[in-house]
Amino acid sequence: MTGVGAYLPEKILTNDELSQFVDTDDNWIRQRTGIVSRRKASSDELTSDLAVKAANQALRSAGVTITDIDCIILATTTPDYTFPSTATIVQQKLGAENAFAFDVQAVCAGFVYALTVANGLMCSGQGKTALVIGAETFTKLLDWKDRSTCVLFGDGAGAVVLQTDNSNKGFGILANKLYSDGRYRDILYVDGGVSTTGTVGHVKMKGRDVFKHAVEKLADAMDEVLKLAKLTSSDIDWLVPHQANIRIINAMQKKLNLPDEKVIKTVSAHANTSAASIPLALNYGVTSGKIKSGHLLALEAIGGGLSWGASLVRYGRPD
Ligand code: ACO
């Protein structure tokens, strides 16, 4: 993982602003979620627009040009259109003429899924340089009258560049583990779709139920990837978790016995940006100078499906 980039829409929507049109307050949102504000895309700002800005920054960060890109995988639940994939729109906007491109849909776990798919394709010889993007205009899926969901989400995009490494110095993606359990579909879903209602629909969530699954399932996934990589939690330099709720992040931090200095937390300013949340947090970690080349990163996320997973990544490139 040799480069990162991110983009956040300009409009900042604070808890206080939300409380002017829905029955909530800053204190409740902060205490229950850790969220202080979120970004909101304008009506003419598309998921692909956010993705392109994040991708361009990731290309610069990795020092590669767009013609080097063999593969674009974009994780999103808020595509520009039902089809074609948003990834192919991003490919056209970037001018990535040598790349094949497709979307991955695993809601909040989308980035970990996309990373795993990219790793598998690269390991099987399908490309040497990949762009993996998480991009969402999630606020466009919200019912702004439903206080139990509309306060939780935000918009944004993050991207990483993956390059094959033949140095055998232990850089790159060390282990991945993906899980799904469709029996829990009704605790987190959207009540619309192409072959059901013919509408886009709105997010519905039984938050307390999702919360209960989150910590247990994410902790198990993290144990599994550490085992696969023959590492322990004391080897982790940075936990870069999905940013849904500060209480879930803190519980994971406790389970892994990590100090504050080893956990990236961006949920206060970004809220839950679904598939974009991990690469946005990664970008913050790298640009703030916290994450450095050679650091071991532990990524984990859970979302609708339920779908969840974890990855271990040695960031950067050998000297
Ligand atoms: N403002 C004020 N009060 C509220 C609000 C609000 N925005 N929302 C709910 N309440 C009220 C409820 O009505 C309830 O009132 P009552 O006790 O009078 O009935 C009370 O607050 C408590 O509600 P709970 O839902 O039990 O609150 P909880 O502490 O569980 O927090 C939350 C809710 C923040 C949603 C939490 O459960 C959570 O974070 N769950 C996990 C969500 C998550 O991780 N999602 C990730 C995946 S997202 C994806 O994949 C798209």
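**View A. An oxygen atom of the ligand sits 2.4 Å from an N or O atom in the side chain of R208.** The model here is predicted: local features need pLDDT of at least 70 and side-chain atom pairs pLDDT 80 or more, while totals for chains, interfaces and linings use all residues. Residues are numbered from 1 along each chain as its sequence is written, and side-chain values use heavy atoms, leaving out hydrogens and water. R247 also brings a side-chain N or O atom to 3.3 Å from a ligand oxygen. On the backbone side, a polar atom of G207 is 2.9 Å from a nitrogen atom of the ligand.

**View B. Step back, and 27 residues surround the ligand.** T24, R32, C108, R208 and N245 come closest. By type, the shell splits into 14 nonpolar, eight polar and five charged residues, with Gly counted as polar and Tyr and Cys as nonpolar.

**View C. Several elements build the shell around the ligand.** Helix 7 (207-228) gives the largest share, four residues. Helix 2 (26-33), helix 6 (147-150), helix 8 (246-255) and strand 12 (296-303) each put in at least two. Helices (H or I, at least four residues) and strands (E, at least two) are DSSP runs, numbered from the N terminus. Domain 1 (3-163) and domain 2 (172-314) each contribute at least three residues to the shell; the bounds come from an automatic or database domain assignment.

**View D. A cis peptide bond links F83 to P84.** Its omega is about 5 degrees. P84 belongs to the loop that runs between strand 4 (71-75) and helix 4 (86-94).

**View E. G305 and L306 are joined by a cis peptide bond too.** Here omega is about -10 degrees. Look for L306 in the loop between strand 12 and strand 13 (307-314).

**View F. V107 isn't a glycine, yet its phi is positive.** The angle comes out at about 50 degrees. V107 lies in the loop between strand 5 (100-104) and helix 5 (110-123).

Notes
Near = heavy atom within 4 Å. Polar contact = N/O pair within 3.5 Å; in protein donor to acceptor, adjacent residues only side chain to side chain.
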